[in-house]
Amino acid sequence: MQLSRFLIFLVLVGVLGYAWEHRRASSAAEAAASESPNGFVLALHPAGAPPEAVAILAPENCPSERAQRASSLADDLERRGIPVFRSAHGAIVADNPTPQMMERGQRAADVINGAVPAVFIRGWAKSNPTTEEVVAEYERTR
C-alpha cells in the first residue's frame, strides 16, 4: 500500500515537473520572439489608434526637444505615405485579458513610460525609435 502511494507521488511529481519545464520553455520562446529585428517589442496597440496607422504618443504643440522629435518623425512618415496617428495620451485596454495580453500590456506601459516618443506599429512598440527603424518595422509588419 505504501509503495503504491509512493509510486503515485513520483508520477505526479514527474508530470508537474514536465508541465513546469514546458511552460518555462514556452515563456522563454515567446520572450525571444517578442523582439523584432528593429528593436520593437510585442505590445498592445493603444486604444483609439487605428490599427493600420503608426501611433506616435508624445506631447503635442510643445517646444521640448522630445516633442519636436515626435513631430519630425510624424512628418517624415507622412511624406513617405505611411499613415500616422498622433496623440498626447495613450491608454491600453484589453477586455477579458489573457496572461499573454497582460504581458503585452505591461510592455506597452513600459514603452509609454520610456523615452518619448512612444511608437506603436501593428502590435509592436518602441521608445524613441529612429525614422529608419519605424519605416523598417512598418514594412516588416505589412
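Buried means a relative accessible area under 20%, exposed means over 50%, and partly exposed is in between (1.4 Å probe, protein chains only). This is a predicted model, where local features need pLDDT of at least 70, side-chain atom pairs count only at pLDDT 80 or more, and totals for chains, interfaces and linings use all residues. Residues are numbered from 1 along each chain as its sequence is written, and side-chain values use heavy atoms, leaving out hydrogens and water.

Q: What makes up the protein chain, in helices and strands?
A: It has four helices and five strands, which are DSSP runs numbered from the N terminus (H or I, at least four residues, for helices; E, at least two, for strands). Starting at the N terminus, the order is α-β-β-α-β-α-β-β-α. Of the 142 residues, 31% are buried.

Q: Why is Thr 141 called buried?
A: Its relative accessible area is 18%, and the cut-off is under 20%, so Thr 141 counts as buried. You'll find Thr 141 in the segment after α4 (131–140). Skipping neighbours within four places in sequence, Thr 141 is in contact (heavy atoms within 4.5 Å) with Ile 121, Arg 122 and Trp 124.

Q: What does the side chain of Thr 141 reach, and how do you know that this is a polar contact?
A: The side chain gets to the backbone oxygen of Tyr 138 at 3.2 Å. A polar contact is a pair of N or O atoms within 3.5 Å; within protein, one must be able to donate a hydrogen and the other to accept it, and residues adjacent in sequence count only if both atoms are side-chain atoms. At 3.2 Å, the Thr 141 pair is inside that limit.

Q: What makes Arg 122 and Glu 52 a salt bridge?
A: Their closest N and O atoms are 3.0 Å apart, and the rule asks for a side-chain nitrogen of Lys or Arg within 4 Å of a carboxyl oxygen of Asp or Glu. Arg 122 sits in the loop between β4 (118–121) and β5 (124–127), and Glu 52 in the loop between β1 (41–42) and β2 (54–57), so the pair ties together parts 70 residues apart in sequence. By this rule there are six salt bridges.

Q: Which residue does Lys 126 form a salt bridge with?
A: That's Glu 133, with closest N and O atoms 2.8 Å apart. Lys 126 is buried at 16% relative accessible area, whereas Glu 133, at 24%, is partly exposed.

Q: How do you know that Glu 139 and Arg 142 form a salt bridge?
A: The closest N and O atoms are 3.8 Å apart, which is still within the limit. Glu 139 is partly exposed at 41%, while Arg 142, at 65%, counts as exposed.

Q: What puts the buried residues on the same side of α3?
A: In α3, Gly 105, Arg 107, Ala 108 and Val 111 are buried. They cover an arc of only 160° around the axis, and that places them on the same side. Pro 99 and Met 102 are exposed on the other side of α3.

How values were computed:
The arc is that of the directions from the helix axis to the C-beta atoms.
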